[in-house]
Amino acid sequence: MSDYVGLLAELVPQTPRFIPDWQWNLTVVSVGLFFAAEVGFAYGTRTGVIARATAKEAIRQPLYVLLLVLGILLLCVNTILPFFSLGEDIKMLKDCGLATILISGLLLAIWTASTSIANEIEGKTAMTLLSKPITRQQFVLGKFTGIMLAVQWLIIPLICAMCFLVYYKVIYDAKERGIDVPTWFENGWLNPVCTAEVIQVLPGFVLMFFEISVVTAVSVAISTRAPMIVNMSTCLAVFVVGHLTPVLVQAGILKQMEILDFMAKLIATIMPNLEYFNMSAAVATGQLIPPAYLLTAFGYSLVYGAAAVLLSFILFEDRDLA
């Protein structure tokens, strides 16, 4: 095992030469605790009842199947599609694949927030639900959690498909270029060359999930007051501006105009900095995102998401449901 990890370390930049067993065990335990906490929350609390119902409702929508099928088809097409990138087709596949999964998750999250919250409020079904021993805060938190559960069950199959296709892409490109073709397995293990390419993209899935959670929290807050069209257009604007905030701040500094600098920093303060979750630079340079960066990104998404959910509590508290 240590020899295999050492070989991976030579293939993936910034990968430690030796990874202690306790880190592997800690990773497995962390994943297990996450799913255990998720199951406990979904089946052990009143808010979890709403979350489960929301997730089931989202999965039963035709949009879920449509996004899942289209996402897998796009990933497959990108695998065999020549990008004419001078030998960098694997990087292009990673970049396009991450974008495909991100857009699919965002579409499902925003659509479900609009149909599950705004439409229930307008259709007076939310009033029936709140007549039971459920508070408005539990209603909103359950909806947010349920949406994220549905997104999770959408992106997990897409992530598995992308990991397999990235693994296969190494072999496929070698055949196309007429060089030594790697085998699927080597010495009883997965091929380290193909595995290294898969490992390099794994942190991108984590950052993508953080970005979806932030936009979903914003969408839930908007859905408590606005209909679907307003919600979707506003979230689109938040997504675009959120990725441009570093550019706006830099432009304000370079132009040396106080009003421009003030407005750019104001937008950057209010809007989420979604560029923080962008992995394109790491993919282009072939670098592995360090765990410390993922931890910082998790803290940022947790704080901003909590602030957006708190805002939704405030907006929904005095909303007339009658």
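Student: What percentage of the 322 residues of the protein count as buried?

Tutor: Buried means under 20% relative accessible area, with a 1.4 Å probe and protein chains only. Here 45% of the 322 residues count as buried. This is a predicted model: local features need pLDDT of at least 70, side-chain atom pairs count only at pLDDT 80 or more, and totals for chains, interfaces and linings use all residues. Residues are numbered from 1 along each chain as its sequence is written, and side-chain values use heavy atoms, leaving out hydrogens and water.

Student: How many helices and strands does the protein have?

Tutor: Helices (H or I, at least four residues) and strands (E, at least two) are DSSP runs, numbered from the N terminus. This protein has 12 helices and 2 strands.

Student: Which residues touch the most other members of the largest nonpolar core?

Tutor: In soluble globular proteins, nonpolar side chains tend to be buried together. A nonpolar core is a set of buried Ala, Val, Leu, Ile, Met, Phe, Trp, Tyr and Cys residues joined through side-chain atoms within 4.5 Å. The largest one has 66 residues, and Ile 101, Met 162, Phe 205, Met 208 and Ile 212 touch the most other members. Helix α7 gives the largest share, 19 residues.

Student: Which residues of α3 are buried?

Tutor: An α-helix has 3.6 residues a turn, so residues three or four places apart point the same way. In α3, the buried residues are Thr 47, Gly 48, Ile 50, Ala 51, Thr 54, Ala 55 and Ala 58. They cover an arc of only 155° around the axis (taken from the directions to the C-beta atoms), so they lie on the same side of α3.

Conventions. Buried means under 20% relative accessible area, exposed over 50%, partly exposed in between (1.4 Å probe, protein chains only).
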